[in-house]
Amino acid sequence: MSQTVNLRIYRRDPDLDKAGKYQNYQIELQPGQTVLMALYHLLENVDKSLAFRASCRSAVCGSCGMHINGKNRLACETQLAPLGNEVVIEPLPHLPVLKDLVVDMTTFWDKYERVRPYLISLKEPPEKERKQSVEDRKKIDEYIDCILCACCHSSCSLDWWDKDYLGPAALGKMYRFVADSRDEGEIERLKIVASEEGVFRCHTLFNCTEECPKRISPTFAIQQMKKKIMFAKLTGKL
Ligand code: SF4
């Protein structure tokens with residue numbers, strides 16, 4: 001038997017509306033249909049003005065982070081059926097809306113840039129590759145999986161409120177390099193995160209960890225860097 005789902009979607013065109021509004025669309029649920037598939041169905045068959053971001057459709061690019069039935073999720077991996085007959089789809093909370101479900105990620109990317117998200121090496125580059133043991137790779141596995149979707153950024157009240165606080169995504173990325181056996185910039189990195197805008201501003205609320213669709217824990221990364229900072233201070237390196 002077919003099931004009708006009501007998609008209640010936040011709509012806003014800043015050139016036309018000061019306040020946003022919700023628009024309802026009824027669709028027939030298809031087997032295996034994700035939220036992203038439903039949005040494409042609407043765009044292609046019902047309303048060409050609907051705006052949302054998406055690219056890989058496989059939870060890798062991080063483009064389709066949005067607020068679905070009260071939780072930050074990736075639209076491409078969120079099945080529609082378990083969400084019930086009424087599904088509310090909104091942009092990531094607390095980020096400026098450019099149009100409908102598309103948010104302005106400028107602050108997110110500014111913070112990301114500040115943590116120098118690349119390997120720092122003082123040695124001459126090797127001919128082929130910088131090798132790493134399997135054990136050392138395992139230490140950073142979780143943080144390499146970050147797809148920069150901003151779901152944690154949007155869920156952290158300090159992050160979206162304070163443009164200076166580095167926030168969970170940037171700090172998680174910093175830990176990915178601090179814990180990387182090939183990186184030689186540890187002290188330089190710890191100086192950045194030991195600053196007023198760094199790890200000690202985290203209130204350990206775990207919102208970021210709960211909202212991360214890749215099950216990464218930025219909170220754990222932040223705690224690990226706090227320990228490293230204390231150790232570096234005690235040993236006179238910082
Ligand atoms: Fe997205 Fe998780 Fe990375 Fe935050 S840590 S940007 S929620 S993948």
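This is a predicted model: local features need pLDDT of at least 70, side-chain atom pairs count only at pLDDT 80 or more; totals for chains, interfaces and linings use all residues.

Biologist: OK, so at what angle do helix 3 and helix 6 pack?

Modeller: Helix 3, residues 134–144, packs with helix 6 at an angle of about 160 degrees, and their axes are 9 Å apart. Angles over 145 degrees count as roughly antiparallel, so helix 3 is roughly antiparallel to helix 6.

Biologist: And what about helix 6 with helix 9, what's the angle there?

Modeller: About 55 degrees, again with the axes 9 Å apart; helix 9 covers residues 218–234. That angle makes helix 6 oblique to helix 9. The crossing of helix 6 and helix 9 is left-handed.

Biologist: Which residues touch in that one?

Modeller: Helix 6 brings P168, L171, G172, M174, Y175 and V178. Helix 9 brings P218, F220, A221, I222, Q224, M225 and K228. By class, the contact of helix 6 with helix 9 has ten nonpolar, two polar and one charged residues.

Biologist: Switching topic: which residues of helix 2 are buried?

Modeller: Helix 2 runs over residues 106–114, and its buried residues are F108, K111 and Y112. They cover an arc of only 105 degrees around the axis, so they're on the same side of helix 2.

Biologist: What covers those buried residues?

Modeller: The cover includes helix 4 (151–155), helix 5 (157–161) and helix 6 (167–178).

Biologist: What happens just after helix 2?

Modeller: R116 comes there, and R116 takes a positive phi of about 50 degrees.

Biologist: Zooming out, how many helices and strands does the protein chain have?

Modeller: Nine helices and seven strands. The C-alpha atoms fill a box of roughly 65 × 40 × 30 Å along the principal axes.

Biologist: And what share of the residues count as buried?

Modeller: 46% of the 238 residues in the protein chain.

Biologist: Last one: what share of the contacts comes from residues 24 or more positions apart?

Modeller: Counting contacts with a separation of 6 or more, those residues account for 64%.

Terms used:
Residues are numbered from 1 along each chain as its sequence is written. Side-chain values use heavy atoms; hydrogens and water are left out. Buried means under 20% relative accessible area, exposed over 50%, partly exposed in between (1.4 Å probe, protein chains only). Helices (H or I, at least four residues) and strands (E, at least two) are DSSP runs, numbered from the N terminus. The arc is that of the directions from the helix axis to the C-beta atoms. Contact means heavy atoms within 4.5 Å. Axes are lines fitted to C-alpha atoms, for helices over the stretch in contact, and angles run from 0 to 180 degrees between N-to-C directions. Angles under 35 degrees count as roughly parallel, over 145 as roughly antiparallel, 65 to 115 as roughly perpendicular and the rest as oblique. A crossing is left-handed if the near helix is turned anticlockwise from the far one by less than a right angle, and right-handed if clockwise. Ala, Val, Leu, Ile, Met, Phe, Trp, Tyr, Cys and Pro count as nonpolar, Asp, Glu, Lys and Arg as charged, and the others, Gly among them, as polar.
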